[in-house]
Amino acid sequence: MVQVRINKYISDTGFCSRREADKLVEDARVEVNGAVAVPGTKVGEGDTVRIDGEILRPNPDSFVERPKSVSYTHLRAH
């Protein structure tokens, strides 16, 4: 089961940015399955997320498993 951090989940809904979502979590305004969320809380497809009591509708793309990104070392030509 794919899980994402609460701030990404909130930003993927279009409610606000990740930084703004972090602030909402810090201010104890976010609940996951009835419990107050803490920074770093992870959520999955079946979880219920509320901000100030209102349920957020998930973006279906939030839980799509994506391949790990590959980083390349850039070499300079001498």
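1. In this note, a residue is buried when its relative accessible area is under 20%, exposed when over 50%, and partly exposed in between (1.4 Å probe, protein chains only). By this criterion, 27% of the 78 residues of the protein are buried.

2. The model is predicted: local features need pLDDT of at least 70, side-chain atom pairs count only at pLDDT 80 or more, and totals for chains, interfaces and linings use all residues. Residues are numbered from 1 along each chain as its sequence is written, and side-chain values use heavy atoms, with hydrogens and water left out.

3. The protein has two helices and six strands, in the order β-α-α-β-β-β-β-β from the N terminus. These elements are DSSP runs numbered from the N terminus (helices: H or I, at least four residues; strands: E, at least two).

4. An open antiparallel sheet is formed by four strands in the order β3-β2-β5-β6. β3 (35-36) and β6 (54-55) are the edge strands, each with a single partner, so one side of each lacks a neighbour in the sheet. Pairing here requires at least two DSSP bridges between two strands; β5 (residues 49-51) and β6 are joined by two, and isoleucine 51 has glutamate 54 in β6 as its bridge partner.

5. Isoleucine 10 lies in helix α1 (residues 6-12) and counts as buried, at 0% relative accessibility. Beyond its neighbours within four places in sequence, isoleucine 10 contacts (heavy atoms within 4.5 Å) Phe15, Cys16, Ala21, Val30, Ile51 and Leu56.
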